[in-house]
Amino acid sequence: MAVPERDVSDDGPDTAVGPALRVASPAGKWVLLTTVLGSSMALLDSTVVNVALPTIGRHLDASLAALQWTVNGYMLSLAGLILLGGSLGDRFGRRRIFVVGVVWFAAASLMCGLAPNVGILIAARVLQGVGGALLTPGSLAIIQASFHPADRARAVGLWSGFGGVGAAVGPFLGGWLVDGPGWRWVFLLNIPAALVCVPVALRHVPESSGPFDASNADGGRAAPRRRFDVLGAVLGAAALALVTYALIGARSSSVLVPVTAVAGVAAGVAFVRVERRRPDPMMPPDIFASRQFTAVNLVTLCVYAAFGGFFFLTALQLQVVAGYSALQAGTALLPTTALMLLFSARSGELAQRIGPRIPLTVGPLLCATAMLLMLRVGKDASYVADVLPALVVMGLGMVTLVAPLTATVLASVDTGRAGLASGINNAAARAAGLIAVAALPVLTGMGSEAYRSADAFDAAFRRAMPLCAGVLVVGAVLAFTMVRRPAPDCRRPECRTHGSVLAPPLEPGRTSHGTLGPTGPDTPGTGPTP
């Protein structure tokens, strides 16, 4: 039986119908199935594509810059628009925007799978990111808006855990598809998932909209609707796009490179000025008044820049230099995500006892060690002797730092802003990975055809790993000198089990059903991530 939906008309502030679903109920299971399916599409897509890059390059005769854009086109639109995506759900209905995101994502995936050339593929990847920015925050917001407060933490935990499994198997699944049916199925796989997700969502997921007090299980009066910060979203995305273009194109002598670099910096400055002056900014500047929040985001920028560069280059190194097949390369990466799935919750519990400073210092140092161990991976590398030790140490480092990082983000702001803080931190991590993928080939002297030559790529990889390790050491130093133990009564993470390696897990807000978007000090938003 379909769940009754709420009125989401724009005739004025709507009256919230309190969430009442239980996880064990049939309706609750349908909602969980829908949200896990939707978010898993975006999570899988963020991990499977790296493994397919060498094959895509060969089949479409693409340069290294085109492969960078294949990754970054998706990350660019996702990172730039994810803060806005949640506020659309608040205004027009969370289920409605979630379904639009799933359909959009599936249509863009079909476009990727049928792309006749790399230009079409890149354009489709950008569109995929837009869909991801709609469905990713929507999936978590639907859980917040649908489940009874007593079951909400369990529902979020199940959503996070199943999503982590999807992220973990992504490289393996991508490798199997590339070596089997072909690389196009890496994208086409999203279509049957969408065909299941959309009708289930329309029939079984209750509609909700408008920020209101989630602590009241019997419902409450919705807060007045706030305006979209469209200008902020456009300027933020433009700054990322222009800087990325300049970095990827820096190997050429085109006059557009310095022009776009200056324009990107100007767009970034304009973004900050606009956010300071708007009454309802997408990213309220005063949230950075917390020294702890600023510090942990600086650590985030360092560690996820290194992670983004590492996983982009390692998938290529294993295939181009070590001679692995796509399936072997994808399988090789499983220990890292498996360790995160198994031990992330315990790591978070340890950090609660000893404080975040030590984990946020030791974790990046372990990951830096792993990247230096990757220097052993060359031609005819042994998986057991050369690859596995590095990836195990990498997994242990990520286990050590990711859960405490999320907990520290939440603890550094008022409880009402926890979801917003999580969303900003998630966007920062994605932006850092985006910049790293754009910058590393330039910094290491990697030519546009380097991935076609084992010797050329190996030489650049050996210059890149120490750079990534150095950035992680900077993150460790920042954590050691700036991060302090939070108050004992601070907000604790609900997403305790996760497996994504490209961004920290998203956390919902406690006092609002709203997701990310233009939130003021009295109407906080929640966070959206793959």
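Colleague: Which arginine lies over the face of phenylalanine 480?

Modeller: This is a predicted model, in which local features need pLDDT of at least 70 and side-chain atom pairs count only at pLDDT 80 or more, while totals for chains, interfaces and linings use all residues. Residues are numbered from 1 along each chain as its sequence is written, and side-chain values use heavy atoms, with hydrogens and water left out. A charge is placed over a ring if NZ of Lys or CZ of Arg is within 6 Å of the ring centre and within 35 degrees of the ring normal. At 4.3 Å from the ring centre of phenylalanine 480, the residue is arginine 357.

Colleague: What is the mean pLDDT of the protein chain?

Modeller: The pLDDT is the predictor's confidence in each residue, from 0 to 100. In the protein chain, 84% of the residues reach 70 or more, and the mean is 82.

Colleague: How many helices does the secondary structure of the protein chain come to?

Modeller: Helices (H or I, at least four residues) and strands (E, at least two) are taken as DSSP runs and numbered from the N terminus. The chain has 0 strands, and its helices come to 16.

Colleague: What percentage of the residues count as buried?

Modeller: Buried means under 20% relative accessible area, exposed over 50%, and partly exposed in between, with a 1.4 Å probe and protein chains only. Of the 530 residues of the protein chain, the buried share is 63%.

Colleague: Which leucines does methionine 465 contact, leaving aside neighbours within four places in sequence?

Modeller: Methionine 465 is one of the residues with the most contacts inside the largest nonpolar core. With those neighbours left aside, its contacts include Phe310, Met371 and Met374, and the leucines are Leu313 and Leu375.

Colleague: How is the aromatic pair of tyrosine 74 and phenylalanine 105 classed?

Modeller: Rings of Phe, Tyr and Trp (its six-membered ring) pair if their centres lie within 6.5 Å; planes under 30 degrees apart count as stacked, over 60 as edge-to-face and the rest as tilted. The count comes to 5 aromatic pairs. This pair has 6.3 Å centre to centre and 80 degrees between the planes, which is edge-to-face. It links distant parts of the chain, with tyrosine 74 in helix 2 and phenylalanine 105 in helix 3.

Colleague: Is tyrosine 74 buried or exposed?

Modeller: Its relative accessibility is 1%, so tyrosine 74 counts as buried.

Colleague: What is the angle between the planes of tryptophan 183 and phenylalanine 187?

Modeller: Tryptophan 183 is buried, with a relative accessible area of 3%, and phenylalanine 187 counts as buried at 0%. Their rings form an edge-to-face pair, 6.2 Å centre to centre, and the angle between the planes is 90 degrees.

Colleague: Is aspartate 61 buried or exposed?

Modeller: Aspartate 61 is found in the loop between helix 1 and helix 2. Its phi is near 50 degrees, a positive value in a residue other than glycine. Because its relative accessibility is 62%, aspartate 61 counts as exposed.

Colleague: What separates the C-alpha atoms of isoleucine 287 and serine 412?

Modeller: Isoleucine 287 lies in the loop between helix 9 and helix 10 and is buried, with a relative accessible area of 2%. Not counting residues up to four places away in sequence, isoleucine 287 touches residues including Val413 and Arg417. Isoleucine 287 and serine 412 are 125 residues apart along the chain, and their C-alpha atoms are separated by 9.4 Å.

Key: A nonpolar core is a set of buried Ala, Val, Leu, Ile, Met, Phe, Trp, Tyr and Cys residues joined through side-chain atoms within 4.5 Å. Contact means heavy atoms within 4.5 Å.
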